[in-house]
Structure formats: C-alpha cells, structure tokens
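Work through the exercises below with the sequence and the coordinates at hand, and try each task before reading its solution.

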Amino acid sequence: MSQRCIELEILRYDPEQDDSPHFQVYAVPYHDDWVVLDAINYVKEELDPTVSYRWSCHMAVCGSCGMVVDGEPVLACHKFLRDCSNRIRIEPLQNFPVERDLVVVMDDFMDKLGSVKPYVIPKEEKDIEDGEYLQTPAELSSFKQYTACINCLLCYSACPQYALNSSFVGPAALALAHRYNLDTRDVGRSARADVVASNSGIWECSFVGACSEVCPKAVDPAAAIQQTKIASTVDYFLDFLTPWKRT
Amino acid sequence: MLTIDTDVAIVGAGGAGLRAAIAVAESDPSLKIALISKVYPMRSHTVAAEGGAAGVIKDNDSFDEHFHDTVAGGDWLCDQDAVDLFIREAPRELTQVEHWGCPWSRDPDGHVSVRPFGGMKVERTWFAADKSGFHLLHTLFQTSLKHPSITRFDEFFSTDLVVVDGRCHGVAAIEMRSGQVHFFRAKSVIIATGGAGRVFPFTTNGAIKTGDGMAMAFRAGVPLKDMEFVQYHPTGLPGTGILITEGSRGEGGILVNKDGYRYLQDYDLGPPDPWPRKKAMELGPRDRLSQAFWHEQKKGRTISGDNGDVVHLDLRHLGEKKIDERLPMVRELSMSYVGIDPVHDAIPVRPVVHYTMGGIDTDIDSATAVDGLFAAGECACVSINGANRLGSNSLTELLVFGKRAGLGAAEFARRRTDSVIEQQVDLMAELSRERVLDLIRRNDGEERVAGLRKEMNSAMEAGAGIYRSEESLQSCVDTMMQIRERYKNVVLNDRSNVFNTDLFEALELGAMIDVALAMACSALQRRESRGSHQRLDFPERDDTTFLKHTLAQYAAMDVPAVDYRDVTITRLQPAERVYGGAVE
Amino acid sequence: MTRRPYKAEFPALSWWLRQPRYIRYMLREMSALFLGIYVLVLIAGLYCLSLGKPVYEQFLTVAEGPVGLTFAVITMFFAVYHTYTWFKVTPKAMPLTLRGQRLPGAVIIAAHWLIFALLSAAVWLLVSS
C-alpha cells in the first residue's frame, strides 16, 4: 500500500540570510491521527532540521505552538491533518513581529499581561494559620472560565483592532483582568482600571468577536471585555453620583 | 561575552523556580533575582500536571498518615526527616497559593475540597478541576509579577554552571533570539529545570523535559541521586503519551484487560470491591500498576491497538455530570486525541514514562554539595519520593522545596563576602561559550541530532524499561557510552544565531545522554527490586545491601562512578508494602 | 546584533476581506451607516409634514418610488441583521444565573426575539389602524 503524502508550505525567515520571509514546501506522509505539529516535527527530524518553532506539551495546555494554519490561528498540536487540505499553509501568528520562521516576538504581550496587575489584591491580608479564604462552588463558577487562558496568543492573532492599533491591551490580558475582578478574594478592580478601562483597554474593543471564536479553551475574552465595559460604566456613574464612595 | 550581575540566579521558571523566586523576593526585596528559563514561564511542564497536590487539612487525616503513605509508597527509600518536614509544610504552602488566587475546587461550605489519590489511605489531594498544575503554575507566575526585584530572562538557554573551588559563581546561558552567550554572575544559584522524561521514547513529558539542569550540576561535580528510579504513569494515551490523570481513578475509574476483567486484583491489589476504596486496586501505587500492565502484556491479555498494546480505563459508570465537573480535561483529551468519549466508551491507556524520582543530590534545605548551589523540584532528589513517588506529592514538593531553596539561596547571597576570583570565573564562562561555538561551527561529522536522539531513546526503552536485567542494562550502558562518543561528531544543519532550535536540541541531547548514562549505570549496580526499579534477575527487595541512595558521579571519559549513602530512617522501619484488601 | 524581526504589512482598508468572519463583522458595522441615513430620511419626512400636506405628498412620492423602496429594503435587511447579531451577543455581555445555574444563552436570545415580535406587532397595529 503506497503511503499518501501531503504538502506543508511553511513560512521561512532567517534574518541572517533572508531579506524577507518566503515559503518552503515539504512532502510529509499522511497519518490519520497526526496533528499539524506531528507533521512539522517530521519535517524537522527527517527533512530539514533548520525549521524553527515553539512546542512542548503536545496536549493543548502549554500554549507554545500557536500558528496560522490555512489562514486560521490554531494550536498546531490540536489541529488534525484529517481536518486540513492536501497542501497546508503554515505561518507564524499574525500581528507579532516574526523573529525566525514560525517564532514570533511576544514581548508586547508579556508587557501587557503584567500591566493589568494579574494577581490577587486582597481586601485584608489573611494569615496562613487562619486557613483558606472561603469560596463557594457557585462563586468559583462565576470566574472559572476566565482562568482557563493558556496565553497561546491566538486571540491576538485574530484581533483586527490589535492589528490596527498595537497599543491595544488585547483580549487575553483583559480576560485575565476580568478573572481577578470577579474573584471573590480580590478587590483590585479600581487598581486595574487605569489600564483596563483606558482607551487602549476595553474601549479599543469593537466586539469583532474573532478572539472568542479562535480561543482553544473557550475562555470567551470578548464576553469578558463586554462585561468589563458594563462594570466600568457603572463604576464611572457611581463614582460620579457618590464620589465619597470611591469604588 | 555579556555579563549580568545578580544576587540570586534561578534556572527554570516552573512551579519550583517561580516559588523560589517569590520566596527570595518576599524575604528580602533588596536582593536582585535573575529568573532564567529556556521557555516563557507559562510553558513550563508544571502546566501539564492534572491531578492535584497533597496536603493534610481534613479532620479525618493526620500528618502520621501522610508520612506513612509517602514512606511506604517510596518503598522505604525516602529520607524520613525530609518527609516529615515536607508533610508538615504541605498544608501551609497549599494555603499560601490559595491566598495568591489558586482556584482550588471547593466543598459546598466553601472550604477546599480533597480527592482520593493513588497509594494514599486518606484523601488529601487538593485539586483545581483536573488542571491543577496549570492553575498552580499560572497562579505562581502571575503572583511573581508583583515583585519588581524579579527580573525575568525568558528564552535564555542555560548551558553551564561556573564552579570554582567547590563554590558556584553563576551560570552561562544563550539568549535564544540572538545567539549571544551571557554570563550571569550570581552569589547563589538555584536549579529548577525539571525532570528528564524525554530520555525515553514514550512519555507524558513535553519536549522541554530534557534534564538540562541535572546534566549541568552533574558535570559541575554534584552527584545525581537515585537516577535508576523512573516512574511510569499507568494511564497515558497510546501514541502521544498524553497524560490521563490519576484523578480519573480517584473519582472511581477502573482498569480492565481485553476480557473486561479488572486484572489488578491478580497482583495483590484486590479484592475489587467495594470500589472506590483507597490504596486498593486502581488506587494502588503507580509502580505496581505499571508493572501489572507489563505482566498482563506478557500473558497476552492486553488489547492490541494501532499504537501498541493498551488496557481500558472505564469511566462510564461515573456519568456525564461527574465527568464534566471533575474530569473535563480528561474528556476533552480523550475525544481530541483518540476519538473516544469517556461518557460512552472506555479510554485506551498504557504506562508511559512520567516522572524522574532521582535527580540532583540535595539536603533537606535544597542545598547541594557545591557552595551556593541549590536545587528544587523534579530536577532535585531530597529524597522525599524514594523509589516511587505518590501522585500529588510532586506539586506540593515544588512549593515546599522551591521555597526552601529560595530562602537558602537568599541567605547565602546575603552572607556571601568572598571576593570573586574574576579571572578564573570569566575563563570558565568563556570556556562554556567556546563549547557552544564549537558545536555551531563543526563541519566534519556524520551524526545528526534527531537520528542520535532516536537511538538513545530506543536504547533506554530496551535496556532500562519497566523490567530490567543485568544483560539489558549492561547493553544499555555500553550503547550509551558509544552514543556519548558519537555525540562529539554531531553536526548542525542550522548555523544561524537567531533562534537556532537545531543548536538547542543538540545541547538538550548532550544533557540527555549524560542523564541516561547516570540512569543506566545506577540501575545496573542496584541488584534488587524496589519501587519502580524492577530487576527480573533480582526480584526481591534487599534492605541489607540496598537500603541506600545511589550516588552517580560524573566522569568525562568513563562511566559514572556509583557510590552509596544510607537512607535516613527515623521512625518507620522498613516493612512490607501492603495495598488492597489487607488495608483497613 | 543579527536580529531583524519582520513586521508584516497589515492592509488597513482590505483586511476584512480575508475571512468570512471579518466580512460579517463589517456588514454588522455597516448597518449603522444605513440606519443612520434612514433616521435622516425620517427626520426629513417629519419636516416635510410640518410644511403641509402638499410637501408631505411630494416626500411620500419620492420615498415610495423605486430608489426609495430599494433603499428601504436594504435598510430593513441591515436592521434585522443588526438585531440578530445584537441579540446573539447579549448573553455574553450579561450572563444571568437562575437558582445557581447559568441561564443558557439560547433562552436569553429567545426572550429578546419574543419581546421584539410583540413590540413589532403592537407598532404594526398602531400604524395600520
């Protein structure tokens, strides 16, 4: 039985050799249970060791292997060959500078992640001896989905606002801010507001919704941002009407 | 050569590295911390852990029980003073991360929930659905962002420790995006680089688990302890090796062979009912479950599949609601990667390499024999896990010993007054850089990274698998020595300075070969069976000769030298490991 | 330094033609244009009404002519599309819980359509009477 072959069209870019990126085509054997990452690993191991890309867990939890496959941002370890065409175009994530081949520069995202103060700002410090904060299953449910972000950056790749305006804080960072804002142990919403509720924050979002469509973990950052818009507007009016009770 | 001066350098930004960094920052905000990792912190393999972290908090539990379970689970190779400290610190550390926001699953009254886990008599495993490692890692990473004294060096590939006269002076690392070698001159260094599962071909471990830090410490003169003890997780998906958490058995899942028979009852883990029952059947310790698979396979009672033999993990009786609430990731992984919905069908599973019990020899304070060098997490061996780790002790270990390493390194950095012998140190750093450049520049050589790596994997699988023998291990050692020699002829295809993954994989291969050699030699010399190290030619446990830790010492031109150190026994004398019906 | 990160060009005018989801988004946004013009038309109609019956009759002739009707139909399409997309995202912006359980999005959307239908029926009755 002859082995069926498919083609991978991979974007290559080595700044030491190339003026600009170009595509290189490789023939790869087709396996029904292979994902795109398996095919790229085959290329690196058998055909061309110079292809550079990020990957680790192969189970869609580390977020390393985000790339654009046939125009759609996906996790390479989660996209099966059986759901692709016979000639698969593989490019790095959009809206980030390309360092090398499929590796993008993520610095901007890391800065933005830090800028939203993504940690618990408690009302009062609690001693370890006093045990855990109490949190009912219902309270946990209220923010649980927003904890699922693996920082894979597919949402930034899909977001046209981030493409048009690189100062936009972006879906994942804003969803993470929302996660902490909703956590019953946290009272930091106002501390996050100057970044989150700024013109580069939630108000840059025009609810395209592409981020939520491509998110592999169903975090739904678009929903997080719209909910934050409502909460922020309410805060604004409350601060206006009752300035003595700063939120 | 770019030099960066810092007080504490931490290599590895997973659970242990991050916890150590936070500990240093909290204990003394004036100390400069360089947190160096070859991947962004969120990619560290802590992220893949699923089941949970053990710590005594419920009224029906006690420190004594956790102690007993851990020591017995480790087949008495655990240092009991370390275990005592570990279990006592555990609840505090788990509460600390809860304060930092870790979304532990809850009981209706708002307290943290616990679930049963393998080898534990009382349930004490804190869990965050079935993504405990993910939540723990992200909580620690996000909390670390609070501390301005932590400077991260993301995607810096550490290559060598600089050790002069038994004292550590820092670490050399390649900035991956530019290829520039940097020297981090530090007063103290913590290694938290994780385990080395990628030495084997079938593993739950991600690509990055290549034992880099273990090899660095090994080459710098620190012994690697108990390297022969490699844990096979009983339930990994065939082909990819993706982990299916022990939590699925904690919630009541069962393992059956091709006759639909719960075969574990044939291996001193029964009787099968009542179920679930702690420390029995599918909640036995991991080494015993993996070994049972091996026996079933020999008897021809496993199910053959496209990716080798498997058994079936049946969760159907749990019902959709429970699966979605407690094991949503298991359902997702199973559907995505093997096309099975556990609500309706059994999941095909097999044992895969999962955890390295052995590692960098440290004492109870995470300190190594080299002054100013500390290690914590899977890369280290204190030892609290002994010959076999109990599930959910590892995540807790990251926190307890990560913190201790941080405090120890901070203290050492503060106290350090010696004047650095600049020339010697710089020379060593320069040598490290030359080593890297040599590899890039080499033109004459027949070997390629991928090919040699596959051969190394095959040799380990054949020679040092679940069951070993004198013959298989000697052959493995011989092959590995040849592979080490051939490694000197590895030539790269990629000569770029910019994110050269060919280079990084070559360096990782070098580390794996050193680690594999330590594993094989240690296994060869341990002529007994204990925990996860099983010898067909020496099937019994031999406490008279081998109630000791194996210490492998690096030799550049020879096999590692193997020596022994007594295990610290304080209050639990070695006894028979009993699981199944005989337990209350 | 041998690094030279490459920044791909982003076509500011035609980016939305690349994928169906972006085209749908732009259609949604474009509806504002048509609805805005329609509001102006209505205001013009009111103004004509205030100037007396003959002027108003002229307005109606134009409004009910071929151009006017085409515009009205197109605007109707956009109005319904806008309503459809707006209702679809309402559960995301306002998640509701009833007795501890998250209310399914479909229920919220259905409730919106029901109220919309009732109000539309009321307006139709008012206009046709």
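The exercises that follow concern a predicted model, and each task is followed by a stepwise solution.

**Exercise 1. The two domains of chain A**

Determine how chain A is divided into domains, and describe the side of domain 1 of chain A that touches domain 2 of chain A.

Solution. Begin with the bounds: domain 1 of chain A covers residues 5–104, and domain 2 covers residues 107–241. Next, take the C-alpha centres of these two domains, which lie 30 Å apart. Then turn to the contacts, where 13 residues of domain 1 of chain A meet 12 residues of domain 2 of chain A. On the domain 1 side, strands β3 (66–69) and β4 (72–75) of chain A each contribute at least two residues, and the largest share, 3 residues, is that of β4(A). Finally, sort this side of domain 1 by class, which gives 8 nonpolar, 5 polar and no charged residues.

**Exercise 2. Chain B and its contact with chain A**

Characterise the fold of chain B as a whole, and then describe the side of chain B that touches chain A.

Solution. First count the secondary structure of chain B, which comprises 15 helices and 22 strands. Its radius of gyration is 23 Å, close to the 25 Å that the globule rule gives for 584 residues, so chain B is as compact as a globular protein of that length. The C-alpha trace of chain B spans about 70 × 55 × 50 Å along its principal axes, and 63% of the 584 residues count as buried.

Now consider the contact, which takes 46 residues from chain B and 41 residues from chain A. Helices α3 (80–99), α4 (132–144), α9 (328–338), α12 (449–463) and α14 (501–525) of chain B each supply at least two residues of the chain B side, with the largest share, 5 residues, coming from α3(B). By class, this side of chain B has 19 nonpolar, 18 polar and 9 charged residues.

Terms used:
Residues are numbered from 1 along each chain as its sequence is written. Chains are lettered from A and ligands numbered from 1 in the order in which they are written. This is a predicted model: local features need pLDDT of at least 70, side-chain atom pairs count only at pLDDT 80 or more; totals for chains, interfaces and linings use all residues. Domain bounds come from an automatic or database domain assignment. Two residues are in contact if their C-beta atoms, placed from the backbone, lie within 7 Å. Helices (H or I, at least four residues) and strands (E, at least two) are DSSP runs, numbered from the N terminus. Ala, Val, Leu, Ile, Met, Phe, Trp, Tyr, Cys and Pro count as nonpolar, Asp, Glu, Lys and Arg as charged, and the others, Gly among them, as polar. The radius of gyration is taken over C-alpha atoms; the globule rule is 2.2 Å times the number of residues to the power 0.38. A residue is buried if 20 or more other C-beta atoms lie within 10 Å of its own, exposed if 12 or fewer, and partly exposed in between; C-beta atoms are placed from the backbone.
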